[in-house]
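Hi,

Here is the structure I promised to pass on to you.

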Amino acid sequence: MTGRDERPGEAGAVGGAPEAGSPKPPEVSGVDLARVALRAAKEQARARGAAAQQKKQARRGGGLRSGARSHGRDPQALGSAISRLITERGWETPAAVGGVMGRWPQIVGDDLAKHCVPLRYDDDPAARVLTVSCDSTAWATQLRLLAPQLVARLNADLGQGTVRMIKVVGPGGPERRYGPLRAPGSKGPGDTYG
């Protein structure tokens, strides 16, 4: 049974189509008319209800709200929202290098981290240079000698090719003072640094 009442003369009919020998289509009975009318009334009521719901949501000052199930508009955890933002904007490499700057003592060791601090990272694909500042020329020389091993360690941590070179900057001299007791054109005590 297909759920519809079959009449004795319609045993071979498919989908209510008339048989080849039958000259006219069968008439719709009262039960079938009622089903068609009920279906049309349900569709109209559903359309009216959806329109009323949209008006009510517009009056409340918001679009459609999510219900009991999770939806894309629902609040997200801060970590997942930041991860999605980093991925969408393509900030994976700068964020990873920023993490290295936060973990600098664990990467290079406590002794070296006390005297050398990462300043900036140039993420230009041609350069990819990490600039490190040292508090004395002796530590700057030491870091220049350790640079190849440090680049290998950073690339192992961040991904191959993230850092191509480490630029070591020595200590800066004291601030230049200008005044009546200075010779014109003199660099002052800055001549001996760097």
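A term to begin with: a residue is called buried under 20% relative accessible area, exposed over 50%, and partly exposed in between (1.4 Å probe, protein chains only). By that rule N155 is buried, as its relative accessible area is 8%. Please keep in mind that this is a predicted model, where local features need pLDDT of at least 70, side-chain atom pairs count only at pLDDT 80 or more, and totals for chains, interfaces and linings use all residues. Residues are numbered from 1 along each chain as its sequence is written, and side-chain values use heavy atoms, with hydrogens and water left out.

Now the overall layout. The protein chain contains six helices and three strands (DSSP runs numbered from the N terminus: helices are H or I with at least four residues, strands are E with at least two). Starting at the N terminus, the order of elements is α-α-α-α-α-β-β-α-β. Of its 194 residues, 14% count as buried.

The three strands make an open sheet in the order β1-β2-β3, with mixed pairing (two strands pair if DSSP finds at least two bridges between them). β1 and β3 (165-169) are at the edges with a single partner strand each, so one side of each has no neighbour in the sheet. On average, neighbouring strands of this sheet are turned by 25° against each other, direction ignored. β2 and β3 run parallel and are joined by five bridges; T131 has K167 in β3 as its bridge partner.

Two helices lie across the sheet strands. Helix α3 (residues 92-102) lies across β1 and β2, at about 175° to β1, while helix α6 (residues 137-158) lies across β1, β2 and β3, at about 160° to β3. For these angles, axes are lines fitted to C-alpha atoms, for helices over the stretch in contact, and the values run from 0 to 180 degrees between N-to-C directions.

Back to N155, which is found in helix α6. Which residues does N155 contact, leaving aside its neighbours within four places in sequence? They are Q160, G161, T162 and V163, with contact meaning heavy atoms within 4.5 Å.

Most residues other than glycine have a negative phi. R128 is partly exposed, with a relative accessible area of 23%.

Best wishes
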